[in-house]
Amino acid sequence: MLRPEAGDGPDFGALAGQYDRLRPADANWLEVADAVWDEGDLLGRRLLDVGCGTGRLSALFAERGAKVWGVDPSDEMLDQARARALRGVGFRTGGAESLPFRDGWFDRAVLMLVIHLVDRGRALAELHRVLKADGRLVIATFRPEHFERLWLAELFPSLAGIDRSRFPDPLELAAGLEAAGFDRVRIRDLAQRATVSRADALERIRGRYISSLALLPEDEYRAGLARAERELGAITEYPRAWAIVVADRS
């Protein structure tokens with residue numbers, strides 16, 4: 001999972017060993033992965049998985065018949081990815097702002113919950129560079145309304161504002177893609193319902209399973225955790241609002 005080169009974003013290396021447990025590949029994750037697969041037309045393509053993290057998406061798409069390279073700046077995350085991936089899946093250390101691949105090398109590129117962690121202008125320019133002339137980019141991200149409805153929002157008052165400032169609005173992202181030289185930008189919305197048990201919710205908060213929790217003031221984090229320990233019910237249900245943003249390289 002990528003982080004900004006400036007060094008002021010969360011470092012995922014410490015989470016590498018427990019990342020997949022805290023953020024399991026459930027039915028909702030698979031539905032988003034399916035949407036990325038379908039919108040990207042990935043079968044048989046040379047594919048770059050940017051911010052591949054533990055390699056879960058890379059492995060899935062390789063199993064389905066894509067020719068996958070994953071890139072991530074965290075060596076700890078890549079250790080996890082290499083341990084799980086199929087033979088023939090390649091991984092390199094690197095950031096989205098300076099991809100370690102030559103011009104026009106890939107047919108497709110995907111970013112799943114990564115675009116909020118990078119310098120978008122530099123990253124989109126790099127993605128345009130490494131894609132072929134008829135290449136395609138698929139970005140899975142959250143819509144702005146997602147953050148107000150997230151189950152964590154009541155526990156941590158600053159969280160929604162932090163996330164709204166980090167995640168681009170899909171229309172803003174579309175404009176950035178066009179400025180970087182992409183065309184035929186389209187946006188597919190995907191709405192989901194999710195549930196989390198009390199035990200899993202507390203484990204996730206304690207593990208700071210999403211990067212935004214690491215950006216909270218420490219006193220707010222501790223107060224929110226204490227409130228969760230007092231108030232969370234057996235099951236929490238909440239909506240999720242995705243945007244799948246697709247663009248072609250002309």
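Which residue in strand 3 stands opposite Asp-72? Select Asp-72 and look across: the residue is Thr-93.

Before going on, note the ground rules. This is a predicted model, with residues numbered from 1 along each chain as its sequence is written, local features needing pLDDT of at least 70, side-chain atom pairs counting only at pLDDT 80 or more, and totals for chains, interfaces and linings using all residues. Side-chain values use heavy atoms, with hydrogens and water left out.

**The sheet**

Show the strands. Helices (H or I, at least four residues) and strands (E, at least two) are DSSP runs, numbered from the N terminus. Two strands pair if DSSP finds at least two bridges between them. Seven strands form an open sheet in the order 3-2-1-4-5-7-6, with mixed pairing. Strand 3 (90-93) and strand 6 (182-197) are the edges; each has a single partner strand, so one side of each lacks a neighbour in the sheet. From one strand to the next, the twist averages 20°.

Stay with strand 3. Its pairing with strand 2 is parallel, over four bridges. Now select strand 2 (residues 67-72) with strand 1: also parallel, over five bridges. Here Leu-47 has Val-68 in strand 2 as its bridge partner.

Next, select strand 5 (residues 131-142) and strand 7 (residues 235-249). They pair in the antiparallel sense over seven bridges. Ala-140 stands opposite Ile-244 in strand 7.

**The helices across it**

Select helix 2 (residues 27-40). It lies across strands 4, 5, 6 and 7, at about 165° to strand 6. Axes are lines fitted to C-alpha atoms, for helices over the stretch in contact (heavy atoms within 4.5 Å). Angles run from 0 to 180 degrees between N-to-C directions. Helix 5 (residues 120-130) runs at about 145° to strand 5.

**The largest pocket**

Select Tyr-19, Arg-23, Trp-29, Leu-113 and Arg-240. Of the 40 lining residues, these lie nearest the centre of the largest pocket. A pocket is an open set of points on a 1 Å grid where a 1.4 Å probe fits, with protein on both sides within 12 Å along at least five of seven lines; lining residues have an atom within 4 Å of a point. Strand 7 gives the largest share of the lining, three residues.
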